[in-house]
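Please read the report below alongside the sequence and the 3D model.

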Amino acid sequence: MKALMSATMLAAALWLQPAWAQVPNEGRLLASNCFQCHGTNGRGGFDELAGERKSELLHKLNEMRVKSARSHIMNAHAHGYSSEQLALIADYFSRLPKP
Ligand code: HEC
């Protein structure tokens, strides 16, 4: 009986797991902050990011990150991310088809 109760409670806990606890693609989640200006999935906004080379995107983002945050909206954005996060974002956009 105790084992059945534990199994039921475990099943309930898994079922009740909040949606944010299941991050399917961390790169996409981080990149969604960019969608507002660069378009959903990097299409249809300012410079389209979808399908750009990862190394190129990462290079640009790293350059922006070391510039003054006040000098351009993108510098301010880039400042907010770690190197690992920028790499995940660049990787995500680079895997999308070019518009
Ligand atoms: C508030 C609006 C805004 C948001 C949000 C934003 N950007 Fe930008 N981004 C811009 C603007 C404006 C430019 C400059 C466009 C231009 O000069 O033609 C730019 C330029 C860029 C460039 C340079 C493009 C090029 O080819 O030189 C990259 C790369 C970039 N953004 C990546 C990102 C990423 C990645 C994110 C999310 C972390 C992001 N942006 C979020 C507004 C935004």
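Ser94 is partly exposed, because 19 other C-beta atoms lie within 10 Å of its own. The classes are set by counting: a residue is buried if 20 or more other C-beta atoms lie within 10 Å of its own, exposed if 12 or fewer, and partly exposed in between, with C-beta atoms placed from the backbone. This is a predicted model, in which local features need pLDDT of at least 70 and side-chain atom pairs count only at pLDDT 80 or more, while totals for chains, interfaces and linings use all residues. Residues are numbered from 1 along each chain as its sequence is written.

Ser94 is placed in helix α5. Helices (H or I, at least four residues) and strands (E, at least two) are DSSP runs, numbered from the N terminus. Leaving aside neighbours within four places in sequence, Ser94 is in contact with Glu52, Arg53, Lys54 and Leu57. Two residues are in contact if their C-beta atoms, placed from the backbone, lie within 7 Å. Ser94 and Ser55 are 39 residues apart in sequence, and their C-alpha atoms are 8.9 Å apart in space.

## The overall fold

The protein has five helices and zero strands. Read from the N terminus on, the order of elements is α-α-α-α-α. Of the 99 residues in the protein, 12% are buried. Among contacts with a separation of 6 or more, 58% are between residues 24 or more positions apart.

## Helix α2

The 13 residues of α2 should span 18 Å at 1.5 Å a residue, and this agrees with its end C-alpha atoms, which are 18 Å apart. The expected span of a helix is 1.5 Å times one less than its number of residues. Helix α2 also has a kink of about 45 degrees, centred on Ser32. The bend at a residue is the angle between axes fitted to the seven residues ending there and the seven starting there.

Two residues of α2 can be followed across to other parts of the chain. Leu30 lies in this helix and is partly exposed, because it has 17 other C-beta atoms within 10 Å. Not counting residues up to four places away in sequence, Leu30 touches Gln85, Leu88 and Ile89. The C-alpha atoms of Leu30 and Gln85 are separated by 7.3 Å, although the two are 55 residues apart along the chain. Asn33 is also found in α2, and is partly exposed because it has 13 other C-beta atoms within 10 Å. Asn33 and Ile89 are 56 residues apart in sequence, with 9.9 Å between their C-alpha atoms.

## After helix α2

Just after α2, Gly39 has a positive phi of about 85 degrees. Asn41, a residue other than glycine, also has a positive phi, near 60 degrees. Most residues other than glycine have a negative phi. Asn41 lies in the loop between α2 and α3, and is partly exposed because 19 other C-beta atoms are within 10 Å.

Leu58 is placed in helix α3 and is partly exposed, because it has 18 other C-beta atoms within 10 Å. Its contacts, not counting residues up to four places away in sequence, are Leu86, Ala87 and Ala90. Leu58 and Ala90 are 32 residues apart in sequence and 5.7 Å apart in space, C-alpha to C-alpha.

Which residues form the largest nonpolar core? There are eleven: Ala31, Cys34, Leu49, Leu57, Leu61, Ala78, Leu86, Ile89, Ala90, Tyr92 and Phe93. Helices α2, α3 and α5 (83-94) each supply at least two residues of this core, and α5 gives the most, with five. A nonpolar core is a set of buried Ala, Val, Leu, Ile, Met, Phe, Trp, Tyr and Cys residues joined through C-beta atoms within 7 Å. In soluble globular proteins, nonpolar side chains tend to be buried together. Ala78, one of the core residues, is in contact with Leu61, Met64 and Arg65, leaving aside neighbours within four places in sequence.

## Around the ligand

Of the 15 residues around the ligand, Cys34, Cys37, Phe46, Asp47 and Lys60 come nearest. A residue is near a molecule or strand if its C-beta atom, placed from the backbone, lies within 6 Å of it.

Helices α2 (26-38), α3 (54-66) and α4 (73-79) each supply at least two residues of this shell. The largest share, five residues, comes from α2. By class, the shell has nine nonpolar, four polar and two charged residues. Here Ala, Val, Leu, Ile, Met, Phe, Trp, Tyr, Cys and Pro count as nonpolar, Asp, Glu, Lys and Arg as charged, and the others, Gly among them, as polar.
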